[in-house]
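I opened my notebook today to get to know a new structure. Here it is, so that you can follow along with my entries.

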Amino acid sequence: HDLYEGVDFYNIDALLSEEHKLVRSSIRDFVKKEISPNIEKWSQDAYFPYEIVKKFGDVGAFGPQIPTDYGGGGLDYIAYGLIMQEIERGDSGMRSTASVQGSLVMYPIYKFGSDEQRNKYLPKLASGEMLGCFGLTEPDHGSNPSGMTTHFKDMGDHYLLNGAKMWISNSPKADIAVVWAKDENGRIHGLIVERGMEGFTTPETHNKWSLRASCTGELVFNEVKVPKENLLPNKSGLGAPLMCLDSARYGISWGALGAAMDCYDSAKRYALERIQFDKPIASFQLIQRKLAEMLTEITKAQLLVWRLGKMMDEGKASTAQISLAKRNNVAMALDIAREARQIHGGMGITGDYPIMRHMMNLESVVTYEGTHDIHLLILGNEITGIPAFK
Ligand code: TGC
Ligand code: FAD
């Protein structure tokens, strides 16, 4: 890992600014120092290193795309993508913590929140003084969030919230949750629910074989009194959480690239060092084919996210364009992890190499933020005008 330099076969660095490269190297150094030496043990122990939250804040990993007035990084979407790439080169679970905080908690508060809410929460979320989570998925409504049953009633001086969310990244440790729930007319709104509110609990989900260094849990609301000033006032309807997903899915399309690069890098080095039949296995055509295909797919995926980032900066990237990149890049990373696993032979199943951990992590990444097939159907809808998911 100390030798890792990144993959850049098409000189994509020439498309990056000096600031992009500086941001990338500072996060790369951070990952080398704080994440890579420990991540295997954290994952094997299913341990979420809570102290990473403050460190992420210090290094600018939370909300890099949020303006500086509120403690964000004020960076563009290419820089945001590079940060996600470098963190996920370390581990997808670590990247989950950062993408939930930046795209799914800070983004909705920044975009749909009041000035009071922005001032109260954003600087603390950016610095890592506070950790947030995003509650959209429910036990019975994953791919179809519009069917959610979590709801709230207007009680005059407060709202009364009931229901439950499931599979929520960061929930067991989060200080606040951005929760999507229906009002009495069935309209979806975002509410900021704070730890400590009576009737609000966050049970942890155990026994995951994937994202083991990230904590995942439920959000349970039993007659929770939510102050009226905690409702996000500036957007309602399913479109509000879907806008947050656009931003997070974009970050994941870069993140997956980081996991793929780490698998490729490890496979290349292992193939050059491992001797079988008196030669490095890298000298066999079948191994060269695997490496050449990995490099080809990584290069295509890099160009895809770079162009998508430019469109994000112009405010012109569509949901379907983001779906294409998330779907392609995560599947690409999963394929590369599986091929890299083969190149490492038996060693590939051990924690001495990062491969199996990336592979198992990517099984969540291919499902969350819209499954592989849901993104295909979003593209199908874009092409034909016919939504096949209904
Ligand atoms: P549909 O009828 O298409 O849309 C409902 C309303 O929303 C509007 N809309 C958008 N608005 C803004 N931005 C977007 N991107 C929008 N997409 C849609 C749309 O115009 C409509 O507005 P209106 O005014 O007509 O009501 O919605 P649908 O119910 O048919 O659903 C479509 C579908 C299936 C694609 C969508 O529900 C979906 O994407 N499902 C997947 C669910 C998902 O991705 N969940 C992710 C949960 S969060 C998570 O996984 C975090 S993991 C993070 C980590 O750890 O890193
Ligand atoms: P389902 O929707 O039940 O899907 C099961 C299968 O059916 C999938 O293969 C799916 O593609 C397929 N399917 C569903 N509908 C159709 C259709 N119309 N046509 C064809 N096939 C279909 N959610 C949050 O809100 N916040 C989080 O922070 C969060 N973090 C997560 C962390 C982890 C580790 C995991 C695993 C999930 C997380 N999620 C989170 C939830 C995630 O977004 C959902 O798991 C995902 O959206 C899929 O929902 P589901 O698991 O209910 O599967």
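Which residues does Ala333 touch, not counting residues up to four places away in sequence? I looked this up and found Ala256, Leu257, Ala259, Ala260 and Leu362. For touching, I used contact, meaning C-beta atoms, placed from the backbone, within 7 Å.

**Ground rules.** I am reading a predicted model, in which local features need pLDDT of at least 70, side-chain atom pairs count only at pLDDT 80 or more, and totals for chains, interfaces and linings use all residues. Residues are numbered from 1 along each chain as its sequence is written, while chains are lettered from A and ligands numbered from 1 in the order in which they are written.

**The whole chain.** I found ten helices and nine strands in the protein chain; these are DSSP runs (helices H or I, at least four residues; strands E, at least two), numbered from the N terminus. The radius of gyration is 21 Å, close to the 21 Å from the globule rule for 390 residues, so the chain is as compact as a globular protein of that length. That radius is taken over C-alpha atoms, and the rule is 2.2 Å times the number of residues to the power 0.38. The C-alpha trace spans about 80 × 45 × 40 Å along its principal axes. I also noted that 75% of the contacts between residues at least 6 apart in sequence join residues at least 24 apart.

**The core.** Of the 390 residues, 49% count as buried, which requires 20 or more other C-beta atoms within 10 Å of a residue's own, all placed from the backbone. The largest nonpolar core has 113 residues, and Ala260 and Ala333 touch the most other members. Helix H6 gives the most to this core, with 16 residues. A nonpolar core here is a set of buried Ala, Val, Leu, Ile, Met, Phe, Trp, Tyr and Cys residues joined through C-beta atoms within 7 Å.

**Around ligand 1.** In total 27 residues surround ligand 1, the closest being Ser96, Ser169, Gly239, Tyr368 and Gly370; the cut-off is a C-beta atom, placed from the backbone, within 6 Å.

**Strands.** S3 (residues 158-169) and S7 (residues 216-227) pair in the antiparallel sense over nine bridges, where pairing takes at least two DSSP bridges. Leu161 has Val224 in S7 as its bridge partner. S6 (residues 200-201) also pairs with S7 in the antiparallel sense, over two bridges, and Thr201 stands opposite Val220.

Conventions
A residue is buried if 20 or more other C-beta atoms lie within 10 Å of its own, exposed if 12 or fewer, and partly exposed in between; C-beta atoms are placed from the backbone. Two residues are in contact if their C-beta atoms, placed from the backbone, lie within 7 Å.
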